[in-house]
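Here is a short report on a protein model.

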Amino acid sequence: MADINVEDAPPVNKNKRHRKEKPWDTDDIDQWAIQPFQTDDNKGGTFTEESSFATLFPKYREKYLREVWSAVTQALDTHGIACTLDLVHGSMSVRTTRKTYDPYIILKARDMVKLLARGVNVGQAVKILDDAVACDIIKVGNVVRNKERFVKRRQRIIGPDGSTLKAIELLTQCYVLVQGSTVSVMGPYKGLKEVRRIVLDCMKNIHPIYRIKELMIKRELAKDPQLVNESWDRFLPRFRKKHLRTSEKTARKNERIEEKNEARQAAGLQPIEEATKEKPAKKVYTPFPPAQLPRKVDLQLESGEYFLKSHEKAEREARKKKEKQEEVTAGRRAQRAEAFVAPAEDAAPTIEEKRKRKREREKEADGLDGEASTKKSKKKKKDRQSMEDSS
């Protein structure tokens, strides 16, 4: 009977042979939950040495920090951390005391003063003391060299009326603040990674909308329990940056021009002529270098300006400047006067002019009638002579 029970028992894996049942470990327990560090968890007692961190802050933050420093001191005092505001050197410092029981809280306090220096308000910066919240300060000042391009791409992170920044915050569950040449981020570690990727890609001229679209698709896919163990690559958009060769660009341009010409021809319009670039004239090769240009001193010697005294040079420059100003003033005056010149108008003819024109027309008509009558009389004479000759 015992042999039958042994044969019916399921085989046990070698790796799990010595494992014992844990009745206290149930499915409703979150194994990854971070338990808060309490005073009883510190078995070693007070720290043997003091740890401290300091950070500088800009001049414009001095007034705000002086107003809220009591709230900062109160928030850090509950964890046994002492803080100092040095207005002379423009720095904030935090250090451990004999009341400090959490060995990691000093790093959280360091992050807090860093965020305060970067423009984060005290109500938001205090949340960094929570174990579930982390921070990241992304430096974007040295990514782009051109100042105008840097300002445009930094503004692209914020978006119109802050809409892009709000979308990033909602999708990543993070607090994002763009200040100067840095971007301060607070939130879970997964969200910090996504925000850093979006910000650095934006400074490298990749628009944030692409990453936002990808995050929105991922959020919708996470709601489907059937896709938990499957790859999401087939659902995510693929944005590839493709560089075309010159020949491919020319071919595409010609195709677009042909399509436009066909449409214009169908509408009865003339086709678009391609702009042909004129080739520059080929220069004649000479083995000799070009003639050396005269120096500024040589030109002054030729014109005699070199021998003038300092006050004479100043007078000459002032005279030239005044002449140039007078020319510009005269041109502007003439341009303004053009608006007041009356246009040529076709006035109605007077009674005398009308009578004169009427007389001229009558004379022309009489002249034409006279010529016609003389022609008729000459023809009659010719006919009469021919009749007499025949008789």
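The sections below take these topics in turn.

## Basis

This is a predicted model, in which local features need pLDDT of at least 70, side-chain atom pairs count only at pLDDT 80 or more, and totals for chains, interfaces and linings use all residues. Residues are numbered from 1 along each chain as its sequence is written, and side-chain values use heavy atoms, without hydrogens and water.

## Strands

Helices (H or I, at least four residues) and strands (E, at least two) are DSSP runs, numbered from the N terminus. Strands pair if DSSP finds at least two bridges between them. β1 (residues 52–56) runs antiparallel to β3, with 5 bridges. β2 and β3 are also antiparallel, joined by 6 bridges. R95 in β3 stands opposite S52 and opposite A82.

β2 and β3 make a hairpin with 4 residues between them. In its turn, G90 has a positive phi of about 70°.

## Cores

A nonpolar core is a set of buried Ala, Val, Leu, Ile, Met, Phe, Trp, Tyr and Cys residues joined through side-chain atoms within 4.5 Å. Buried means under 20% relative accessible area, exposed over 50%, partly exposed in between (1.4 Å probe, protein chains only). The largest core has 27 residues; V72, L76, M92, V94, M112 and L116 touch the most other members. Elements giving two or more residues include α2 (62–77) and α3 (105–117). α3 gives the most, 8 residues. Another core, of 22 residues, lies apart and includes I168 and V176.

## Surface

I209 belongs to helix α8 (residues 208–222). I209 counts as partly exposed because its relative accessibility is 46%.
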